[in-house]
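Please look over the sequence and the 3D model of this protein. The report below walks through its confidence, its strands and its nonpolar cores.

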Amino acid sequence: MVYSFIGLSAVAIGALAYFALTFTPANAALAAIVFAFVCVMIMERRLRIRAENRLERAIEDLSRLLATDAQAGAVLGQRINAIADTNPGQRLETVEADISVLGTVIRQVAEAVAEIEDKVAKDRKAPSWSDAPGRTIVAPMPKRAPQHAREPVIPLETLRQALTDDRLVCHIQPILKLPQRRVAGYDLVPRLVLGDGDLADPPDFMPRRGGYDALRHIEGSALIEAIAVARRARTGGAQVALHVPLSRATLGDGNASEQVLVTLDANRAILEGLTFLVEETEWQSMTNHERALVEQIARKGAGFSLAGTTSLRVDVAEMAAMGMRSLRVEAAALIETPDAFTDFHLSDIGNYLNRYEMTLIATGISSERQIVELLDNGIVLVQGDHLAAPGQIRQDLSLDAGRTVSPQLRRV
């Protein structure tokens, strides 16, 4: 249509030149042709510019699409890498543990409902007790785990004098893993050499009230001994897990706690196998400042083990976040009265703690029957004199290899 309009305009220009301007027919035709050619050139230029602009816009749209595809590809690659790094076995274990815990809760609810129904049925058949004035029936509460804390038999001044005379030695007591009874770690047990060469165990001399200076001395010596043993074992190509006693006497003292942090900073290579053993009463009564120190120790790589645990009804997630690696329960009390410790069945406690990378250690093993009971319920970490009593550290690993004790107390 445009070209038709150009042609008509050229004819009109030629007619105008011939009739109005008195051009010759040849000149008028030439004028019409020149006008048509100029118009066609202008039109072609405009069309070419428009085509170029359309092509540029198409290229820009294509670039944006390619950029979007690249971003989508990057996101897809990240998701594929995340899926590739995912450990399905660990997730399945977590799901299985959750299902096990859920099954335990359902079973407990069913048992509780059955007990209530039986009790209601018995109450309907039994005579009424309301006629007996002042008489009430109260359901017995579950027994708490027995406490075996006893007062030390060695006076505090005698303990201080023994520490001054350098008569403190550190022995080790293994933690065994059932059923093979392989060594999973060692407790560092401070013991006092008496005048006749006998050894006093920690309950005989560890002060329970006061004597914080002596406690700090004992715990500091135990930490130094543990680090020396761990470093020498690492030099020999072995990895050893050691549990070292720690109390608020050290955490609450500025100089002692600072010395502990400095010592840990200087020995980061062996902190993976170092665990501080803290009594439950000490852990529960910590101040905010002491808890901050515990978190610093955990961030450096060391862990904690709660000794003398009387109840497993605790916030396991919170304790795991603070570096707690294990809970210790007296084996006899756990087997005889498990409901005093937890609402779970005994066989489900280990799975529940494993979800938070924590373990349960049964201490005070005194018979093979206890080992069988624990093994049947999935509790595999045990310790006790029946299995292995505290003994001397190998001379090539001990910090003080030259000290001797009575021959009958040497480790076989």
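This is a predicted model. The mean pLDDT of the protein chain is 82, and 83% of its residues reach 70 or more. Where pLDDT is low, the predicted coordinates should not be read in detail.

**Strand 7 and its partners**

Strand 7 covers residues 324-330. Five of its seven residues are buried, so the rest of the structure largely encloses this strand. Strand 7 pairs with strand 6 and with strand 8, as the table shows.

| Pair | Bridges | Direction |
|---|---|---|
| Strand 6 (residues 303-307) and strand 7 | Three | Parallel |
| Strand 7 and strand 8 (residues 359-363) | Five | Parallel |

Specific residues face each other across these pairs. Phenylalanine 304 stands opposite methionine 324 in strand 7. Glutamate 330 stands opposite threonine 363 in strand 8. Strand 6 and strand 7 also belong to a right-handed β-α-β unit, together with helix 11 (residues 316-321).

**Serine 326**

Serine 326 is found in strand 7. Is serine 326 buried or exposed? Its relative accessibility is 3%, under the 20% cut-off, so serine 326 counts as buried. Its side chain makes a polar contact of 2.6 Å with the side chain of serine 305. Beyond four places in sequence, serine 326 touches His243, Phe304, Ser305, Leu306, Thr359 and Ile361.

**The nonpolar cores**

The largest nonpolar core has 62 residues. Phe304, Leu327 and Leu374 are among those with the most contacts inside it. Helix 6 (residues 212-235) gives the largest share of this core, seven residues. Another core, of ten residues, lies apart from it and includes Leu159, Ala162, Ala214 and Ile218.

Leucine 374 has contacts with Ala331, Leu334, Ile335, Ala362, Ile365, Ile379 and Val382, leaving aside neighbours within four places in sequence.

**Valine 382**

Valine 382 is found in strand 9 (residues 381-382). This valine counts as buried because its relative accessibility is 0%. The C-alpha atoms of valine 382 and alanine 184 are separated by 9.4 Å. Along the chain, valine 382 and alanine 184 are 198 residues apart.

Methods. Residues are numbered from 1 along each chain as its sequence is written. This is a predicted model: local features need pLDDT of at least 70, side-chain atom pairs count only at pLDDT 80 or more; totals for chains, interfaces and linings use all residues. Side-chain values use heavy atoms; hydrogens and water are left out. Helices (H or I, at least four residues) and strands (E, at least two) are DSSP runs, numbered from the N terminus. Buried means under 20% relative accessible area, exposed over 50%, partly exposed in between (1.4 Å probe, protein chains only). A polar contact is a pair of N or O atoms within 3.5 Å; within protein, one must be able to donate a hydrogen and the other to accept it, and residues adjacent in sequence count only if both atoms are side-chain atoms. Contact means heavy atoms within 4.5 Å. A nonpolar core is a set of buried Ala, Val, Leu, Ile, Met, Phe, Trp, Tyr and Cys residues joined through side-chain atoms within 4.5 Å. pLDDT is the predictor's confidence in each residue, from 0 to 100. Two strands pair if DSSP finds at least two bridges between them. A crossover is right-handed if, with the strands pointing away from the viewer, the path from the first strand over the helix to the second runs clockwise.
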